[in-house]
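Please look over the sequence and the structure below.

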Amino acid sequence: MAIRALTSAIEAEDIPPPAEVRAELALANFAADHRSEAEAQLRALATDEPDYAVAHYLLGNMLAAREAWADAAGEYEAFVRAAPSAPEAAQARERLT
């Protein structure tokens, strides 16, 4: 249901969707067990908006969940660079070690 609602919201607008909505759609896909689609959406978001730190953090978590450690580390590093004082930064640094 969340996937349909978010997709409809994105398609209803003539402007690019906000990064936050794109991230929520990726999370909805992940929760619905559409893991590869969720990763692809976050990779695209991180590429389109490299300063949107949340995309890197979420992607890092998804990659770590499937034990893609090197790729996850790269995303956690990108997250810490983009948002060094974010509440999740300490956890990202810990995961890097």
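This is a predicted model: local features need pLDDT of at least 70, side-chain atom pairs count only at pLDDT 80 or more; totals for chains, interfaces and linings use all residues.

Residues are numbered from 1 along each chain as its sequence is written, and side-chain values use heavy atoms, with hydrogens and water left out.

**Helices α3 and α4**
- Helix α3 (residues 35–48) packs against helix α4 (residues 53–65) at an angle of about 150°, their axes being 9 Å apart (helices are DSSP runs of H or I with at least four residues, numbered from the N terminus; axes are lines fitted to C-alpha atoms over the stretch in contact, and angles run from 0 to 180 degrees between N-to-C directions).
- The two helices are therefore roughly antiparallel to each other, a term for angles over 145 degrees.
- On the α3 side the contact (heavy atoms within 4.5 Å) includes Leu42 and Leu45, and on the α4 side it includes Leu59 and Met62.

**Helices α5 and α6**
- Helix α5 (residues 69–82) and helix α6 (residues 89–96) have axes 9 Å apart and pack at an angle of about 145°.
- Ala73, Tyr76, Glu77, Phe79 and Val80 of α5 meet Ala89, Ala92, Arg93, Arg95 and Leu96 of α6.

**Arg22**
- Arg22, which lies in helix α2 (residues 19–31), has its side chain joined to that of Asp48 by a polar contact of 2.9 Å (a pair of N or O atoms within 3.5 Å, where within protein one must be able to donate a hydrogen and the other to accept it, and residues adjacent in sequence count only if both atoms are side-chain atoms).
- Apart from neighbours within four places in sequence, Arg22 is in contact with Pro17, Ala44, Leu45, Asp48 and Glu49.

Technical notes: Angles under 35 degrees count as roughly parallel, over 145 as roughly antiparallel, 65 to 115 as roughly perpendicular and the rest as oblique.
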